[in-house]
Amino acid sequence: DEALLHLHEAAELRPRRHPDRDETVDNLGRALRYRFRDEQSYALLEQAFQLHQEALELRPDGHPERAMALANTGLALSDHYRKAQIAPTLGEAIKWHRQALELYPEGHPFRVESLNRLGLDLVEQSRMLGDAANLDEAVALHQEALSICQAGHPDRASTLAFLGFAM
C-alpha cells in the first residue's frame with residue numbers, strides 16, 4: 001500500500017508535460033497490475049490499463065521506451081482476459097504484443113520475454129477458438145525464444161515450459 005501511495009504521489013507531482021511522466025505512470029500501472037494479481041480487483045486492472053495507455057500516448061513512434069509501453073498495455077489486457085474471459089480483450093492484447101515484438105530486434109534483452117508473452121496469448125486464443133494456425137505460430141515464437149536461451153540463460157526453464165505448454 002505504501003509503495004502505491006508513493007507512486008500515486010509521484011504521478012500527481014508530474015503533470016502531463018513533465019519529461020518523466022511517461023515512466024512514472026507506466027511504473028504505477030505495473031504496480032497496480034501486480035496488486036491486481038493478488039487482489040483480483042477489476043478496478044485496479046482498469047486503472048492500470050488507463051495508465052499504460054497514457055504512457056503509450058506519451059511515448060510516440062520512435063521513443064526508446066515505446067515497446068515497453070506497448071508490452072505493458074498488452075499485459076494489462078491479457079490479465080483482463082484471464083479474469084473476465086472476454087475474447088476481444090485477448091485479441092487486443094495480441095495486437096499490442098505483436099507491436100512490441102516488432103520493436104525488439106534480434107539481440108534486444110527483452111525479445112525473449114516479448115516472444116513468450118505473444119506466444120502465451122496465442123496459445124490461449126488458439127484453445128478458445130480452436131485455431132491451429134495460432135497454435136503453430138505460438139510454437140514457432142517459443143522455439144525462437146528457446147534458440148536465444150542457450151544453456152545457462154535465466155529464461156531457459158520458463159521458455160521450455162511455455163514451449164511444452166504450446167505443444
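How many nonpolar, polar and charged residues are there in the lining of the largest pocket? To get there, let's start with the chain as a whole, keeping in mind that this is a predicted model.

As for contacts between residues at least 6 apart in sequence, 53% join residues at least 24 apart.

Now for the inside. The largest nonpolar core holds 23 residues, and Leu-28 and Leu-32 touch the most other members. Helix 1 (2–13), helix 2 (21–39), helix 3 (42–58), helix 4 (66–84) and helix 5 (87–102) each give two or more residues to this core, with helix 4 providing the largest share, seven residues. Take Leu-28: setting aside neighbours within four places in sequence, Leu-28 is in contact with Leu-4, Leu-7, His-8, Ala-11 and Leu-51. There's also a second, separate core of 17 residues, including Ile-94, Leu-141, Ala-145 and Leu-163.

Back to the pocket. The largest one has about 160 Å³ of space, and among the residues lining it are Asp-61, His-63, Arg-66, Met-68, Tyr-104 and Phe-110. By class, that lining comes to six nonpolar, three polar and three charged residues.

Technical notes:
Residues are numbered from 1 along each chain as its sequence is written. This is a predicted model: local features need pLDDT of at least 70, side-chain atom pairs count only at pLDDT 80 or more; totals for chains, interfaces and linings use all residues. Side-chain values use heavy atoms; hydrogens and water are left out. On a 1 Å grid over the protein atoms alone, a cavity is a set of points where a 1.4 Å probe fits but cannot get out, and a pocket is an open set with protein on both sides within 12 Å along at least five of seven lines; lining residues have an atom within 4 Å of a point. Grid points are joined across faces, edges and corners, and a volume is the space filled by probe spheres set on the points. Ala, Val, Leu, Ile, Met, Phe, Trp, Tyr, Cys and Pro count as nonpolar, Asp, Glu, Lys and Arg as charged, and the others, Gly among them, as polar. A nonpolar core is a set of buried Ala, Val, Leu, Ile, Met, Phe, Trp, Tyr and Cys residues joined through side-chain atoms within 4.5 Å. Buried means under 20% relative accessible area, exposed over 50%, partly exposed in between (1.4 Å probe, protein chains only). Helices (H or I, at least four residues) and strands (E, at least two) are DSSP runs, numbered from the N terminus. Contact means heavy atoms within 4.5 Å.
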